[in-house]
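Please look over the sequence and the model first, then read on.

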Amino acid sequence: ANEFVSFWIDWNNDKVFANDELVGIENIYIKNPENEPLPIEYAVYTDVVPPPGTAGVKKVKATLSGINPVFYPNTAPVFGNSMTRNIRFDPIS
């Protein structure tokens, strides 16, 4: 099945992943495991260009869903398997 992994970064640190903080959507084909041993893990990433002056720790959220949030923005990121992690941006000089 085709699935979408959507990525958000909480740029303003308000603990809300708003629709305007969506930084990438990647499409991945996930295969039925059939006789494959479980668990099956996938690595999905997206490139991010931070706004000028961005530095410090930000929360990032990745959500796996069968719905593309570009077409259904009010669903983002409230359902599907999600992971939230901290990432650090160092200033570029």
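## Overall layout

What pattern does the protein follow, read along the sequence? The pattern is β-β-β-β. The protein has four strands and zero helices. Both kinds of element are DSSP runs numbered from the N terminus: helices are H or I with at least four residues, strands are E with at least two.

This is a predicted model, in which local features need pLDDT of at least 70, side-chain atom pairs count only at pLDDT 80 or more, and totals for chains, interfaces and linings use all residues. Residues are numbered from 1 along each chain as its sequence is written, and side-chain values use heavy atoms, with hydrogens and water left out.

## Surface and contacts

The protein has 93 residues, and 27% of them are buried. Buried means under 20% relative accessible area, exposed means over 50%, and partly exposed lies in between (1.4 Å probe, protein chains only). The accessible surface of the protein is about 6800 Å². Carbon and sulfur atoms hold 54% of that surface. These areas come from the Shrake-Rupley method with a 1.4 Å probe; for residues, only the protein chains shown count as cover.

A contact means heavy atoms within 4.5 Å.

## The largest pocket

Rolling a probe the size of a water molecule over the atoms shows where empty space is left. The largest pocket here holds about 570 Å³ of space. The search uses a 1 Å grid over the protein atoms alone: a pocket is an open set of points with protein on both sides within 12 Å along at least five of seven lines, while a cavity is a set where a 1.4 Å probe fits but cannot get out. Lining residues have an atom within 4 Å of a point. Grid points are joined across faces, edges and corners, and the volume is the space filled by probe spheres set on the points.

The largest pocket is lined by 22 residues, and the closest to its centre are V5, Y42, V44, A62 and M83. Strand 1 (2-9), strand 3 (56-65) and strand 4 (81-89) each give two or more residues to this lining. Strand 3 gives the most, with five. By class, the lining has 15 nonpolar, four polar and three charged residues. Here Ala, Val, Leu, Ile, Met, Phe, Trp, Tyr, Cys and Pro count as nonpolar, Asp, Glu, Lys and Arg as charged, and the others, Gly among them, as polar.

V5 belongs to strand 1. Is V5 buried or exposed? V5 is buried, because its relative accessible area is 8%. Leaving out residues up to four places away in sequence, V5 touches G24, I25, E26, I28, V44, A62, T63 and L64. V5 and L64 lie 59 residues apart in sequence, yet their C-alpha atoms are 4.5 Å apart.

T84 sits in strand 4. Its relative accessibility is 32%, so T84 counts as partly exposed. With residues up to four places away left out, T84 touches F17, K59, V60 and K61. T84 and K59 are 25 residues apart along the chain, with 6.7 Å between their C-alpha atoms.

## Loops

Most residues other than glycine have a negative phi. N13 has a positive phi of about 55° although it is not a glycine. K15, also a residue other than glycine, has a positive phi near 65°. N13 is in the loop between strand 1 and strand 2, and K15 has its place in the loop between strand 1 and strand 2. N13 is partly exposed at 43%; K15 is exposed at 76%.

K31 is in the loop between strand 2 and strand 3. K31 is in contact with E36 and Y42, neighbours within four places aside. P52 is in the loop between strand 2 (22-29) and strand 3. P52 is exposed, because its relative accessible area is 84%.

## A salt bridge

How many salt bridges are there? The count is one. The rule asks for a side-chain nitrogen of Lys or Arg within 4 Å of a carboxyl oxygen of Asp or Glu. The side chains of R88 and D90 form the bridge, at 2.9 Å from N to O. R88 is exposed at 60%, and D90 is partly exposed at 47%.
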